Amino acid sequence: SPAASEPELTDGFNLVIDALKLNGIETIYGVPGIPITDLGRLAQGRGMRVVSFRHEQNAGNAAAIAGYLTKKPGVCLTVSAPGFLNGLTALANATTNCFPMILISGSSEREIVDLQQGDYEEMDQLAVAKPLCKAAFRVLHACDIGIGVARAIRAACSGRPGGVYLDLPAKLFSQVMDAAAGEKSLVKVIDPAPAQRPGEDAVRRALDVLKTAERPLIVLGKGAAYAQADEAVRALVEQSGIPYVPMSMAKGLLPDTHPLSAGAARSTALKDSDVVLLVGARLNWLLSHGKGKTWGAPGSKKFIQIDIEPKEMDSNVEIVAPVVGDIGSCVQALLDGMGKDWQQPPAAWLDTLKAKKEANVAKMEQKLRRNAAPMDFHGALGALKTVIKERPDAILVNEGANTLDLARGVIDMYQPRKRLDVGTWGVMGIGMGFAIAAAVETGKPVLAVEGDSAFGFSGMEVETICRYDLPVCIVVFNNNGIYRGTDTDPTGRDPGTTVFVKDSRYDRMMEAFGGVGVNVTTPDELKRAVDEAMDSGRPTLINAVIDPQAGSESGNIGSLNPQSQLKKK
Ligand code: ADP
Ligand code: MG
């Protein structure tokens with residue numbers, strides 16, 4: 001027949017899918033719409049997992065954390081202008097956090113956009129994205145899709161990981177080309193994140209500084225967790241005998257119950273240490289920029305830093321021994337250089353930290369046993385601490401103010417990359433996106449511990465959780481508002497600016513979509529409800545009633561929230 005003699009064709013839609021699959025990307029997080037509806041549909045038809053969200057920011061957050069968990073870029077797919085902008089927030093956040101992610105957005109035609117003639121959802125998306133991500137590319141011809149996707153993957157994963165924007169104008173998708181030529185145009189990225197070995201002199205310098213320490217400390221950051229060099233990091237701590245403090249998302253890289261964990265003596269460890277080895281942790285606001293009273297007397301500290309990004313060195317204070325390279329290679333080089341006759345740190349230092357730690361833990365235990373109704377944060381978190389202890393392979397997602405700060409301290413983690421939270425920006429709204437991707441990527445049960453305010457930013461995704469029937473248990477710490485549920489309008493007209501509807505029942509949102517909703521008022525009830533959810537694997541939302549008086553404004557970071565001195569006039 002004549003049809004048989006015609007050359008076989010492919011098109012832009014199929015080439016995008018081919019290019020992703022060729023590079024081992026099997027999941028797309030997104031929101032369908034013009035012009036990418038058929039892309040999602042075809043991707044699903046061709047066996048990819050396509051997870052459709054209710055809002056692009058949540059899909060983008062899902063892609064970002066998928067990148068963190070797997071070291072492969074998570075892909076978020078959106079429509080043009082507004083959908084793109086919604087996804088861009090997540091892309092910027094991924095870049096800030098060093099998570100590999102690719103935002104793919106459909107866009108309108110260059111001819112119209114460039115003459116600003118007012119297309120449907122017109123926007124110069126490439127220009128808008130550029131300053132907010134690590135790299136941005138546009139593909140105009142179907143034969144360049146392979147190269148475009150390859151560049152995006154390499155840019156996202158190599159060196160310091162980050163977010164990449166890939167702009168695909170509508171017309172690209174329906175462009176056809178010869179199928180064999182199309183297949184040839186695809187690129188399988190070889191070694192997307194090449195090992196970067198540190199210089200020998202850098203390693204020697206670092207060890208020389210470390211040897212002089214009387215009160216050494218290791219700070220593990222989420223870069224160390226991301227690197228998946230878990231055995232090497234553990235060996236570094238254990239062979240050096242140096243106590244360590246984990247940053248929030250590095251908790252569990254070694255179990256928080258490890259004898260060398262100084263997490264529960266954090267303030268003392270930071271203040272009194274003399275040499276600090278940073279492993280995949282930046283000296284940003286989360287570490288008080290490496291100075292001030294958190295770090296003790298000025299000039300009392302020497303910093304060694306392992307990071308893949310050379311420009312990170314000296315960004316806040318002097319780094320006396322920069323070790324630039326990937327964490328696996330750098331840590332291994334330090335271990336090799338330490339050798340057999342490595343001197344353990346002085347016992348006095350270890351004893352100081354141990355005593356401090358034991359005192360703090362004992363003080364905390366008291367609070368965690370509070371069994372009041374309504375609950376305070378500690379009572380409720382005491383119950384959740386036990387849950388994670390009993391189910392160490394569950395993934396904990398955590399956002400809020402007090403709900404975040406207190407959970408970070410209370411809930412021990414036992415395995416790497418199990419704690420996912422608000423990260424470098426301290427951003428609210430990551431909750432449901434992170435929870436969904438964690439469940440999709442790992443198949444493990446997810447416990448999302450959410451402040452009522454934080455939950456509101458992504459709460460509509462409970463429908464998504466029910467639709468995909470994911471093993472996600474959400475606990476909303478409901479204290480009637482942002483920070484606390486007690487503000488009032490001084491004029492008496494409206495509710496206070498930080499309060500929500502009193503005694504809301506978030507559990508009923510979950511029931512609306514066929515999931516399980518539970519309302520609890522005591523730690524015992526909370527524990528029982530979470531256990532049931534985790535055993536059943538069913539989508540569950542537990543409304544945990546927290547005393548509106550409990551907690552403090554801005555949680556731990558009230559000092560960053562300016563207060564008017566004039567307001568009492
Ligand atoms: P935390 O918030 O936990 O302190 P940060 O996000 O501030 O962690 O720091 C993570 C650091 O880890 C970043 O500076 C990043 O460049 C670095 N990093 C990420 N991946 C790697 C890797 N594979 N090897 C070395 N450094 C890495
Ligand atoms: Mg609240």
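At what angle do helix α2 and helix α8 pack? The model is predicted, so that local features need pLDDT of at least 70 and side-chain atom pairs count only at pLDDT 80 or more, while totals for chains, interfaces and linings use all residues. Residues are numbered from 1 along each chain as its sequence is written, and chains are lettered from A and ligands numbered from 1 in the order in which they are written.

Helix α2 (residues 12-22) packs against helix α8 (residues 145-157) at about 40 degrees, and their axes are 9 Å apart. Helices (H or I, at least four residues) and strands (E, at least two) are DSSP runs, numbered from the N terminus. Axes are lines fitted to C-alpha atoms, for helices over the stretch in contact, and angles run from 0 to 180 degrees between N-to-C directions. The angle makes α2 oblique to α8, since angles under 35 degrees count as roughly parallel, over 145 as roughly antiparallel, 65 to 115 as roughly perpendicular and the rest as oblique.

Which residues meet here? Gly-12, Leu-15, Val-16, Ala-19 and Leu-20 of α2 meet Ile-145, Gly-146 and Val-149 of α8; contact requires C-beta atoms, placed from the backbone, within 7 Å.

Elsewhere, five strands form an open, parallel sheet in the order β10-β9-β11-β12-β13, where pairing requires at least two DSSP bridges between two strands. Because β10 (244-246) and β13 (321-324) each have a single partner strand, they stand at the edges, with one side left without a neighbour in the sheet. Within the sheet, β9 (residues 216-220) and β11 (residues 275-279) pair over five bridges, and Pro-216 stands opposite Val-275 in β11.

Methods. Contact = placed C-beta atoms within 7 Å.
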